[in-house]
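Please examine the sequence and the structure before reading on.

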Amino acid sequence: MKNVLVTGGAGFIGANFVPYFIENNPDYHLVNLDALTYAGNLENVSEVENHERYTFVKGDIVDGDFIRNLFDKYQFHDVIHFAAESHVDNSISGPEAFIKTNVLGTFNLLDTARKLWMSAPNQYKPGFENARFHHVSTDEVYGTLGETGLFEETTPYAPNSPYSASKAGSDMIVRSYFHTYGMNVVTTNCSNNYGPKQHNEKLIPTIIRKALTGENIPIYGDGKNVRDWLYVLDHCKGIELAFKTGVAGETYNIGGRNERNNLQIVDRVCSILDQLKPKASGSYKEQITFVKDRPGHDLRYAIDATKIENELGWKADENFDTGIVKTIEWYLGKFAN
Ligand SMILES: NC(=O)c1ccc[n+]([C@@H]2O[C@H](COP(=O)([O-])OP(=O)(O)OC[C@H]3O[C@@H](n4cnc5c(N)ncnc54)[C@H](O)[C@@H]3O)[C@@H](O)[C@H]2O)c1
């Protein structure tokens, strides 16, 4: 039985990944390390809390001594690193936490893993020959696109927010550990995720929540910002695939080929809500209001996922129209309680 460390497994994507990975990988005992910041919630992983191959540990990846002790105790064979400060708006009002967690925290994990796994550059210790560090990152590191074009793995980094800059910094540290030490690392850069267990502060949960409570549904600027939306479980499947079969030192873009602007998103969500939970009169669309745009708001992100599709055989199982219905049904259950 190998021990895998998953960081940030009480957050949105991590909490979708943890039960999926445990179910699919009977040869792993999974340790979920999470600081339980405002973004983490153990209810997100309640379905595995008593699983024999699951352990939860509360702790901060910024605390180097704590991380070293944890690696000593569990002798992790692999790391899959989700933990991050992830909300762009928070990175504008308070960037420091982003630099600490996303840059220093990633460094702590990488460097501790290197010391446990390797005796010298390019030399893995016995038992750790195939040990892998998988870094979960975002397409936001590439900056913004105009009306056309797609982010490829070769697109130069041009992060525009403190969030994306801190993720870009962490990606570069991971990259350097491959080139300098020959460490077995893989990075995936994914587009916007949606699905169950996302924090209420994010766009789609906000639209659903405000719609149901009868409040104004806030949309930034003119609502024309475009994102490439991927159902969270498709992201989890891509991470598992790249973790197991990706080439060391490579990066893989994961994206849904489902570009939508915010107006299209709010329109679709309101239409589905009108069907699934109709208002006494009128449509939820009447609650849509436009608010002052986010500073530095990137216009468009879109991913070219050809590399992971062709080289690793990944394919999204959901398109936006199927994934969004599942998502809304899940939130209707959550907000009804
Ligand atoms: N949400 C997206 O659309 C998206 C898209 C691409 C990539 N990503 C990346 O995927 C990862 C997960 O994103 P998410 O949306 O699930 O984020 P999230 O904010 O929902 O969850 C992050 C988790 O990390 C934990 N955490 C934060 N700081 C920590 C620290 N110092 N020590 C230990 N744990 C800490 C939080 O408690 C939380 O459980 C992030 O690295 C993010 O950059 C997210």
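## Helix H8 and its partners

The crossing of H8 and H10 is right-handed, a crossing being right-handed if the near helix is turned clockwise from the far one by less than a right angle, and left-handed if anticlockwise. The axes of H8 (residues 262–276) and H10 (residues 320–336) come within 10 Å and cross at roughly 55 degrees. H8 is therefore oblique to H10; angles under 35 degrees count as roughly parallel, over 145 as roughly antiparallel, 65 to 115 as roughly perpendicular, and the rest as oblique. Axes are lines fitted to C-alpha atoms, for helices over the stretch in contact, and angles run from 0 to 180 degrees between N-to-C directions. Helices (H or I, at least four residues) and strands (E, at least two) are DSSP runs, numbered from the N terminus.

H8 also meets H6 (residues 203–213), with axes that come within 10 Å and cross at roughly 45 degrees. These two helices are therefore oblique to each other, and the crossing of H6 and H8 is right-handed.

## Helices H4 and H5

H4 (residues 96–117) packs against H5 at an angle of about 15 degrees, and their axes are 8 Å apart. H4 and H5 are therefore roughly parallel to each other. Their crossing is right-handed.

## Basis of the model

The model is predicted: local features need pLDDT of at least 70, side-chain atom pairs count only at pLDDT 80 or more, and totals for chains, interfaces and linings use all residues. Residues are numbered from 1 along each chain as its sequence is written, and side-chain values use heavy atoms, with hydrogens and water left out.

## The shell around the ligand

The ligand is surrounded by 29 residues, the closest being Asp 34, Asp 60, Ser 86, Tyr 163 and Lys 167; a residue is near the ligand if one of its heavy atoms lies within 4 Å of it. H1 (12–24), S7 (132–138), H5 (162–181) and S9 (192–194) each supply at least two residues of this shell. The largest share, three residues, comes from S7.

## Backbone contacts and cover

A nitrogen atom of the ligand lies 3.0 Å from a backbone N or O atom of Ala 35. For Ile 61, a polar backbone atom is 3.0 Å from a nitrogen atom of the ligand. At Val 136, a backbone N or O atom lies 3.5 Å from an oxygen atom of the ligand.

Conventions:
A polar contact is a pair of N or O atoms within 3.5 Å; within protein, one must be able to donate a hydrogen and the other to accept it, and residues adjacent in sequence count only if both atoms are side-chain atoms.
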